Amino acid sequence: MRIGEVLVVGAKANDNSELIRRICPQIETTKTGICWGMLQLDDQMALQLYGINWEQSAKRFAWDLLCQKALGVIVVFDWEQMETFQETAAILDYFNDQFAIPIVVAAKLEGNTSHIPEKAYRGGLTLSKLSRFTFYQPDNPQSIRQLIVDLININLEVMPS
Amino acid sequence: MTPKLLLAEADNTLTTAFRNLSEKYQIAVVHSGKQALAACQRESPDAILAAQHLPDMEGTQLVHSLRKNKSTQYVPFVLFSEELNLQARVEAIKSGVDEFISLPFEIEEVQARLDVLLAEKKTLPQTPPVERGFSGNLHEMNLVDLIQTLELGQKTGVIHLTKNNHEGKIYVKNGEVWDAETNGILGEKALMRLFTWDEGVFYVEFQDFDRERVIAMPVQEIVSKGLKITDEWLHLKNHLPKLNTVLERAREPYLDEIDQQHTNILELVDGEHSIEQIVENSPVDELETLRIIIHLFELGIIHESLFYFDTEKYNSETPKEEPTNGKSAPVKEKLLAVISRFFKKILSPSSSTFTEEVVTRPAPTLSKENQEKVKVKLKNKIPFQRTELQMLKRKLLV
């Protein structure tokens with residue numbers, strides 16, 4: 001069995017677990033803002049998704065161990081709640097500075113897509129060549145799967161052919 | 001309608017100043033000259049406000065590129081700089097800048113000057129490229145399609161192509177291709193080179209031209225060659241990193257390991273030139289050059305440069321943040337070269353495994369971009385091969 005690991009990180013534990021729950025049939029949660037679920041793709045391949053809540057002490061987490069093997073990090077935030085934007089920028093900066101790992105910044109978007117908050121285009125998020133920005137719909141499993149596809153695409157881009 | 005402004009700057013000086021004017025203007029922000037050029041094609045801003053020092057080019061270079069492109073030649077351009085002397089202002093105006101504003105500035109003054117420029121722009125005739133022609137993106141309509149279109153209509157005109165900072169022209173008379181030019185190359189060779197441009201923009205100007213016919217090949221043969229080149233180019237590109245990747249030698253070839261043609265290409269691999277620059281300077285055709293580069297990769301003779309040092313970028317990025325301690329830039333460069341050699345040594349295959357620990361925390365003197373390159377090179381520890389990742393992707397998309 002080949003298992004790929006994906007980290008789902010966000011300032012709100014609910015966003016992480018909600019995303020994982022939408023594509024994994026079963027999800028385990030802890031009281032410390034960590035959850036995980038497995039997405040079985042066939043009898044040979046599966047994805048293990050770890051949802052980890054980002055908070056002040058999060059930098060002490062064993063990211064280096066996880067980031068060594070993971071396909072990448074999905075940084076989740078709610079597009080309509082701009083107060084999480086600063087934290088998202090901080091998460092992104094942290095991962096960009098510390099690890100060479102593919103990152104997809106996933107903005108949760110429910111309903112209206114035309115409203116673009118001012119902060120969004122003021123250069124608040126610094127994307128490196130290993131990171132992408134995209135929207136996802138929390139109710140649509142295919143939209144969430146696409147986030148992992150985006151991570152795989154970044155891996156393919158940087159992997160020697 | 002709210003005017004669209006494009007702000008190009010490395011820091012947030014302009015963005016901060018315009019923060020409270022989002023009702024008056026639609027504002028988009030970019031952080032490099034290349035991003036600005038791309039955004040101009042995409043967004044068609046009503047005015048561009050740029051800092052003189054951008055990470056990849058000067059503001060004056062940016063305006064110079066914009067003025068060469070018919071779709072952006074009349075867009076008002078305001079340059080912000082700390083340079084106050086007359087010479088700098090004259091140079092800026094010569095390169096096509098409409099307004100020159102010294103830093104620090106008062107936003108009211110900028111606004112007033114900007115409004116005048118925007119009002120003047122309204123009185124200008126609309127940009128000419130679409131008057132008697134058409135324009136588009138090469139990604140959506142490639143050169144083969146364009147030539148076929150002109151042949152079908154038996155048209156006379158010039159196809160203008162722009163890719164990054166490069167330009168190309170193809171002269172067509174009554175549907176027949178007469179001549180082509182790009183980067184100082186003319187005729188058939190230029191045409192074949194232009195077939196490899198799978199991105200960029202074009203516009204077709206329906207106008208007669210005074211030029212001798214240089215390309216005698218019939219259009220059907222050109223189209224068939226063009227299709228072959230386009231397909232082959234895309235196929236070969238998939239076997240390589242991005243074409244702006246800088247290459248360097250990994251080792252010297254063994255005696256008789258490679259032929260003369262390979263040697264000629266290898267001589268162009270110097271740790272400073274990207275794949276696309278090597279293709280441009282190559283003595284053999286584009287496809288053969290890519291084939292040789294791929295082969296040299298496979299033989300392990302060349303690899304991506306981990307330590308490519310962009311002096312221009314470095315100089316524009318560091319002086320404000322990093323104390324020089326009296327050391328001149330060349331000294332820094334030398335230091336960087338020493339550090340590079342050190343890292344190369346510890347990265348060699350024979351080195352012990354603990355080196356990863358060292359390299360993931362690169363020396364602070366490396367630019368952020370180079371640090372990233374180091375880390376990217378070292379990571380790749382995911383337990384999947386390329387084919388497995390592709391399979392994984394397919395399963396996810398089902």
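Predicted model: local features only at pLDDT ≥ 70, side-chain atom pairs only at ≥ 80, totals over all residues.
Tutor: Residues are numbered from 1 along each chain as its sequence is written, and chains are lettered from A and ligands numbered from 1 in the order in which they are written.

Student: What makes Asn174(B) count as exposed?

Tutor: A residue is exposed if 12 or fewer other C-beta atoms, placed from the backbone, lie within 10 Å of its own, buried if 20 or more do, and partly exposed in between. Asn174(B) has 11 C-beta neighbours inside 10 Å, and therefore counts as exposed. Asn174(B) is found in the loop between strand 8 and strand 9 of chain B, and its phi is near 45°, a positive value in a residue other than glycine.

Student: Why is Asn183(B) called exposed?

Tutor: Asn183(B) has 11 C-beta neighbours inside 10 Å, so it counts as exposed. The loop between strand 9 and strand 10 (185–186) of chain B holds Asn183(B), whose phi is likewise positive, near 45°.

Student: Which residues of helix 6 of chain B are buried?

Tutor: Helices (H or I, at least four residues) and strands (E, at least two) are DSSP runs, numbered from the N terminus. In helix 6 (residues 143–152) of chain B, the buried residues are Leu143(B), Leu146(B), Ile147(B) and Leu150(B).

Student: How do you know that the buried residues line one face of helix 6 of chain B?

Tutor: The arc is that of the directions from the helix axis to the C-beta atoms. Down the axis of helix 6 of chain B, the buried residues fall within an arc of 95°, so they line one face of the helix. In general, an α-helix has 3.6 residues a turn, so residues three or four places apart point the same way.

Student: What makes strand 2 and strand 7 of chain A edge strands?

Tutor: Two strands pair if DSSP finds at least two bridges between them. The open sheet of chain A has 7 strands in the order 2-3-4-1-5-6-7, with mixed pairing. Strand 2 (27–29) and strand 7 (131–136) of chain A each have a single partner strand, so one side of each is left without a neighbour in the sheet.

Student: How many bridges join strand 1 to strand 5 of chain A?

Tutor: Strand 1 (residues 2–10) and strand 5 (residues 72–78) of chain A run parallel and are joined by 5 bridges. Val8(A) stands opposite Ile74(A) in strand 5 of chain A.
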